[in-house]
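Morning, everyone. I'll walk through one structure today, a stop at a time. Please have it up on your screens.

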Amino acid sequence: MQALMIYGANGYTGRLIAAEAARRGHKPVLAGRNRDALDELAAPLKLTRRVFELNDANEIDRNLEGVRILLNCAGPFSRTCEPLLAACLRQRVHYLDITGEIDVFAHCHRLHNQARHAGIVIAPGTGFDVVPTDCLAAMLKQRLADATHLVLAFEASGGPSPGTARTSVEGLAKGGRARIDGELREVPLAWKMREFTRQDGSHRTAMTIPWGDVYTAFVSTGIVNIETYMAVPAKTIARMRWMRHLRWLLALAPLQRFLQDKAGRTAGPDRQRRENSACEIWAEARNANGKQVAASLRTPNGYELTVSASLGIVEHLLASTPPGGYYTPSMLMGADYVLELPGVALLDSRTRTP
C-alpha cells in the first residue's frame with residue numbers, strides 16, 4: 001500500500017512538500033496532470049508518479065487504489081477538491097488539502113456524515129491557510145468560553161506562488177466575506193480597515209479579506225462574529241475599495257481566464273526569500289461584557305509552514321485512527337499544534353477586562 005499521494009506535486013508548494021516528505025523517509029506517490037513535470041520531479045527523489053486528469057471518476061478511482069492519504073496541492077481548489085474528495089469517499093482514502101477557499105471548506109464540511117460513515121478524515125486547510133489562525137482561534141476560545149466576537153489578522157511576506165495568485169484572482173469576483181451573527185455573509189472588498197501592532201512596536205494597516213477562518217474558525221470555536229484581516233499598504237486598501245465597482249467585470253469568464261493565466265506565470269519565492277521572510281499573526285476575542293483576550297504568533301514564511309504543518313498532519317494520520325468526519329486543523333491536532341511546528345513562537349498573550 002502507498003501511504004501517501006500528493007496530487008499537484010509538480011506545483012510550487014507540491015514540490016516543496018514532496019522534497020521534504022522524501023527527506024523524512026516517506027515514499028509518496030507524486031500525481032498530477034503534467035507527465036513531463038512529474039517525471040522531472042520524481043526521478044531525483046526516487047519516487048513513483050501517476051498521471052491522471054480529474055474529469056473521469058473511474059480514472060481517479062483507479063489511481064487512488066492502494067492509497068491511504070491524499071494530499072491535494074492543486075489549486076484553485078474550487079476545481080480540484082470536488083472530484084478528488086468524491087473519489088476519496090468511494091475509495092475510503094483520507095482527504096487533505098492546502099486550500100484557503102471558503103467555498104471549499106463549506107463543501108468539505110457538508111460531507112461530514114458521509115466521511116464519518118466511510119471512516120475517513122476530511123481535513124482541508126492543512127497549511128498556512130488556516131493552521132496558525134485556526135489554532136490561535138481555538139486557544140482564545142479555551143481562555144474565553146463565552147466569546148462572541150473574533151478578529152484574526154496576519155502579515156505575510158515573501159510573495160505568492162502561482163496557485164495562490166490564481167486563487168486570489170478568482171476570489172476578487174466573489175467580494176469579501178465575514179461571519180455575522182452566525183451567518184456567513186458577503187461584504188464589500190476591503191470592508192473594514194484597522195491597525196495592528198507588531199512585536200517590534202511598529203504599526204500595520206490591514207483590511208478585511210475573505211480568509212478561510214470565517215468558515216473554519218466558526219466550526220472550531222462556535223464564535224458567531226468573525227472578521228479576518230491582512231496587513232497591506234494603505235494604497236492597496238484604497239485600490240481594493242475602488243475595485244468594488246468592477247466586481248461584475250472581474251466575474252466575466254474571459255477576463256478571469258486572462259487574469260488567472262497571467263497570475264499563473266508568477267514564479268513564487270525562491271529558497272533564500274522564503275528563509276528571509278516570516279509572518280506575524282494576531283488574534284483577539286471578546287465577549288458580550290467587553291472582556292477581551294488576545295495573542296500573537298510569529299511563524300516562518302507561509303510556504304515553509306505549509307510544508308511542516310501538512311506533513312505533521314499526514315504523520316498523525318499514519319500513526320493514529322481518528323473517527324471519520326470533517327475536521328479543522330485544531331479539531332484534529334489540538335489548539336497547540338501550531339506551537340509544535342519549527343520556527344513558530346508565541347509572541348504575546350493577554351487579557352483585558354472592561
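Predicted model: local features only at pLDDT ≥ 70, side-chain atom pairs only at ≥ 80, totals over all residues.

Let's start in a loop. Asp 336 sits between helix 15, residues 329-333, and strand 16, residues 345-352. Now look across from Asp 336 to Ala 138. The two are 198 residues apart along the chain, yet their C-alpha atoms are separated by 8.6 Å.

Two packed helices are described by the angle between their axes and the distance between the axes. Here the pair is helix 7, residues 131-143, and helix 9, residues 213-221. The angle is about 35 degrees, and the axes are 9 Å apart. The crossing of helix 7 past helix 9 is right-handed. Which residues make the contact? From helix 7 we have Thr 133, Asp 134, Ala 137, Ala 138 and Lys 141. From helix 9 come Asp 213, Thr 216, Ala 217, Ser 220 and Thr 221. By type, the contact of helix 7 with helix 9 has three nonpolar residues, four polar and three charged.

Val 130 lies in the loop between strand 6, residues 121-123, and helix 7. The peptide bond joining Asp 129 and Val 130 is cis, with omega about 15 degrees.

There is another cis bond to see. It runs from Gly 75 to Pro 76, and omega is near 0 degrees. Pro 76 belongs to the loop between strand 4, residues 67-72, and helix 4.

That brings us to helix 4 itself. Helix 4 covers residues 77-91, which is 15 residues. From first C-alpha to last, helix 4 reaches 20 Å. That is close to the 21 Å expected at 1.5 Å a residue. Which residues of helix 4 are buried? The list is Phe 77, Thr 80, Cys 81, Leu 84, Leu 85, Ala 87, Cys 88 and Leu 89. Keep one general point in mind as you look at that list. An α-helix has 3.6 residues a turn, so residues three or four places apart point the same way.

Now step off the end of helix 4. Just after the helix, Arg 92 takes a positive phi of about 55 degrees. Arg 92 does this although it is not a glycine. Its place is the loop between helix 4 and strand 5, residues 94-97. Arg 92 counts as exposed, because its relative accessibility is 54%.

Lys 46 is another case. Its phi is near 55 degrees, again a positive value in a residue other than glycine. Lys 46 lies in the loop between helix 2, residues 35-45, and strand 3, residues 49-51. Lys 46 is exposed, because its relative accessible area is 69%.

On to the strands. Asn 287 is in strand 13, residues 278-287. Why does Asn 287 count as buried? Because its relative accessibility is 5%, and the cut-off for buried is under 20%. What does Asn 287 touch, setting aside neighbours within four places in sequence? Its contacts are Leu 144, Asp 146, Ala 147 and Thr 148. With Thr 148, the C-alpha atoms are 5.0 Å apart, across 139 residues of sequence.

Next, Thr 205, in strand 11, residues 203-208. A polar atom of the Thr 205 side chain lies 2.6 Å from the backbone oxygen of Val 232. Beyond four places in sequence, Thr 205 is in contact with several residues, including Met 193, Arg 194, Glu 195, Pro 233 and Ile 237.

One more loop. Gly 268 sits between helix 12, residues 253-263, and helix 13, residues 271-275. It counts as partly exposed, because its relative accessibility is 23%. Gly 268 and Tyr 303 are 35 residues apart in sequence and 9.8 Å apart from C-alpha to C-alpha.

Last, the whole chain. How many helices and strands are there? The protein chain has 15 helices and 16 strands. Of its 354 residues, 54% count as buried. Take the contacts between residues at least 6 apart in sequence: 73% of them join residues at least 24 apart.

Conventions:
Residues numbered from 1 in each chain as written. Heavy atoms only, no water. Helix = DSSP H or I, 4+ residues; strand = E, 2+ residues; numbered from the N terminus. Polar contact = N/O pair within 3.5 Å; in protein donor to acceptor, adjacent residues only side chain to side chain. Contact = heavy atoms within 4.5 Å. Expected span 1.5 Å × (residues − 1). Buried < 20%, exposed > 50% of the residue type's maximum accessible area, 1.4 Å probe, protein only. Axes fitted to C-alpha atoms, helices over the stretch in contact; angles between N-to-C directions. Left-handed = near helix turned anticlockwise from the far one by under 90°. Nonpolar A, V, L, I, M, F, W, Y, C, P; charged D, E, K, R; others polar.
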